[in-house]
Amino acid sequence: MVKSGLTKEFCLVNGRVMTPHRVLNRGGIHIRGEKIAQVFDMDDENSAGTFQALPNIDVGGAWIVPGFIDMHAHGGGGGDFMDASKAALAAMAASHAAGGTTSLIPTTLTSSLSQLEAALDNFASCRDSITGARLWGVHLEGPYFSYEQRGAQDPRYLKYPDRDEYLQILDKYPFIVRVSAAPELPGGLELGRELRKRGILAAIGHSNATYEEILQAVDAGYSHITHLWSGMPGVRRVNCFRVAGPVESGLLLDSLTVEVIADGKHLPPALLKLAYKCKGSQGMALCSDALAPAGMGEGRYILGSAAEGQEIIVDDGVAWLPDRSAFAGSVVTGNDLVRTMVELAGIPLKEAVEMATATPARILGINDVTGSLDAGKYGDITVLDEELSVVRTFVGGQEVFVS
């Protein structure tokens, strides 16, 4: 159920409020307009006047946490970003809001230039009229990827970085906030330097780079690893010598943050625990890499646009290529990511939430306005029950989902 009404000033009360520093076991949030006015302890007598004088929403002891931030999602609710339609974007935003996500970075797929521009033009025309998760900007995933590590990316459209092409795209669409590429390709380092100059997050993805090539990439401006372990090799032999790859580089280098697809399918518990042990909750973000079937049932779907996309199969809680040679992406949303880390990887809830909120906010450079429950930040809030299912979602103080 999605709501669109805005209460200008109210309080969420009687919740376990997860602040950046502690948990208030009987706490509340005072929302004024789009922002958090105050986080308070209901047992503090100085706070009584705040929540007694305003309309209250009593959450009955549920968790009140920052809204989740998904920095890598292709679709949801039946809509794919590459559909290039307002209906697809609206379906994405609503589906992810139902999973507790309040900030979403819609992500492209490797495609023809014309299809890419159609998707970006559509985003520009309707992003501000979409209700649900806030659409901060776009993540370009491809087309500058290694053929050997392409995964579900369409090989017909893979190419080397073309400076004239990407400059035209970056100039025309200033809302691009992240680009994933294989830095070892000819022109890959130059692309990284251009992205750094523009303040765009440069991420290493679908890459066959060696550790030495990763070091060069970091020097050129790359600072993040796209879906660790997916679309990249680990240690391999080159002329009998073992060579570290993007996986080991991401785990080893403090200058690189990483993201993991925490759907319980792409990575087993042991690898989730290893990433957490190496990077901690401040160096590791959770992402869905969700496709259009997220929030839908099992069956056959299209990955990408109707005109250029590939058929995929959703079965056993994950999306596959038709020959089942590789996963195509996930079908989960924000609260599923947190639940996976808590239940399968044994990570404390507070740190699992941090990996879905404060950490991606910092990586994206939006932590000054969202990602934690602090006075002055947007009222981006998720309410969770004991099973970590979503009860309510607020974006900018507006309730956009209630179960």
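**A walk from the loops to the core**

Let me begin with Arg-324, which lies in the loop between β21 (318-320) and β22 (327-329); helices (H or I, at least four residues) and strands (E, at least two) are DSSP runs, numbered from the N terminus. Please keep in mind that this is a predicted model, in which local features need pLDDT of at least 70 and side-chain atom pairs count only at pLDDT 80 or more, while totals for chains, interfaces and linings use all residues. Residues are numbered from 1 along each chain as its sequence is written, and side-chain values use heavy atoms, with hydrogens and water left out.

The phi of Arg-324 is near 60°, a positive value in a residue other than glycine, and at 40% relative accessibility this arginine counts as partly exposed. On that scale buried means under 20% relative accessible area, exposed over 50%, and partly exposed in between, with a 1.4 Å probe and protein chains only. Cys-240, in the loop between β15 (236-238) and β16 (241-243), also has a positive phi, near 75°, and counts as exposed at 65% relative accessibility. As background, most residues other than glycine have a negative phi, and most peptide bonds are trans. The bond from Gly-142 to Pro-143, however, is cis, with omega near 15°, and Pro-143 lies in the loop between β11 and α4.

Now, what can we find around that loop? The whole structure holds seven aromatic pairs, where rings of Phe, Tyr and Trp (its six-membered ring) pair if their centres lie within 6.5 Å, and planes under 30 degrees apart count as stacked, over 60 as edge-to-face and the rest as tilted. The rings of Tyr-144 and Tyr-166 have centres 6.3 Å apart and planes at 70°, so this pair is edge-to-face. It links distant parts of the chain, 22 residues apart, with Tyr-144 in the loop between β11 (138-141) and α4 (163-172) and Tyr-166 in helix α4. Tyr-144 is buried, at a relative accessible area of 4%, and Tyr-166 is buried too, also at 4%.

Turning to β11 itself, Val-138 and Leu-140 point one way and His-139 and Glu-141 the other, and all are buried. β11 pairs with strand β12 (residues 176-181) in the parallel sense over four bridges, two strands being paired if DSSP finds at least two bridges between them. The chain crosses from β11 through α4 to β12, and this β-α-β crossover is right-handed, a term that applies if, with the strands pointing away from the viewer, the path from the first strand over the helix to the second runs clockwise.

Which residues have the most contacts inside the largest nonpolar core? They are Phe-81, Leu-120, Val-260, Leu-286, Val-338 and Met-341, in a core of 84 residues; such a core is a set of buried Ala, Val, Leu, Ile, Met, Phe, Trp, Tyr and Cys residues joined through side-chain atoms within 4.5 Å. A second, separate core of 15 residues includes Val-17, Leu-24, Ile-29 and Phe-394. Leaving aside its neighbours within four places in sequence, Leu-120 is in contact (heavy atoms within 4.5 Å) with residues including Val-138 and Leu-140 of β11, as well as Phe-81, Tyr-173 and Phe-175. Finally, Phe-81, Tyr-173 and Phe-175 form one aromatic cluster together with Phe-123.
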